[in-house]
Amino acid sequence: MNCKEAIDFLGDYLDGALPWRAWLVFHWHLAFCRDCRRYLASYATTVRQAQALRSEQAGEAQPVPAELLRAILAARRGRQDH
Ligand SMILES: [Zn+2]
């Protein structure tokens, strides 16, 4: 595994969705690659911050996604009419 492959695995790794073989190879790479360890640390921090932000917002009313959905549906309906 090279660094690019390791970084491709990062998202799945943090989701816990990595198959055990890939997980093992990923950890093997991390054991030897300081760059990827550093990258993983900063990536994990970013993901945690994003999750914290999402859970903060979850308690509040969110009118935007519903509006967005309506706009998308309206746009699709408009296109089908033509
Ligand atoms: Zn690496």
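Student: Which helix does Val 25 lie in?
Tutor: Helices are DSSP runs of H or I with at least four residues (strands are E runs of at least two), numbered from the N terminus. Val 25 lies in helix 2, which covers residues 20–32. This is a predicted model in which local features need pLDDT of at least 70 and side-chain atom pairs count only at pLDDT 80 or more, while totals for chains, interfaces and linings use all residues. Residues are numbered from 1 along each chain as its sequence is written, and side-chain values use heavy atoms, with hydrogens and water left out.

Student: How many helices and strands does the protein have?
Tutor: There are 4 helices and 0 strands, so the order from the N terminus is α-α-α-α.

Student: Back to Val 25: what is its relative accessible area?
Tutor: The classes are buried (under 20% relative accessible area), exposed (over 50%) and partly exposed in between, using a 1.4 Å probe and protein chains only. Val 25 has 38%, so it is partly exposed. Across the 82 residues of the protein, 13% count as buried.

Student: Which residues form the salt bridge?
Tutor: Side chains of opposite charge can pair when their charged atoms come close. The criterion is a side-chain nitrogen of Lys or Arg within 4 Å of a carboxyl oxygen of Asp or Glu. The structure holds 1 such bridge: Asp 8 pairs with Lys 4, with the closest N and O atoms 3.2 Å apart. Because Asp 8 and Lys 4 are 4 residues apart in helix 1 (residues 3–15), about one helical turn separates them. Both Asp 8 and Lys 4 are exposed.

Student: What are the protein donors of the zinc ion?
Tutor: Donors are N, O and S atoms within 2.8 Å of the metal (3.2 Å for Na, K and Ca); water is not among the atoms, so sites may look incomplete. Cys 3 (SG), His 29 (NE2), Cys 33 (SG) and Cys 36 (SG) lie 2.0 to 2.3 Å from the zinc ion. Their spacing in sequence is C-x25-H-x3-C-x2-C. His 29 is buried at 11% relative accessible area, and Cys 36 is buried at 6%.

Student: Why is the arrangement tetrahedral?
Tutor: Four donors count as tetrahedral if all angles lie between 85 and 135 degrees. The 4 donor atoms around the zinc ion subtend 103 to 114°, so the arrangement is tetrahedral.

Terms used
Four donors count as tetrahedral if all angles lie between 85 and 135 degrees; four count as square planar and six as octahedral if opposite donors are over 155 degrees apart and all others between 65 and 115; anything else is irregular.
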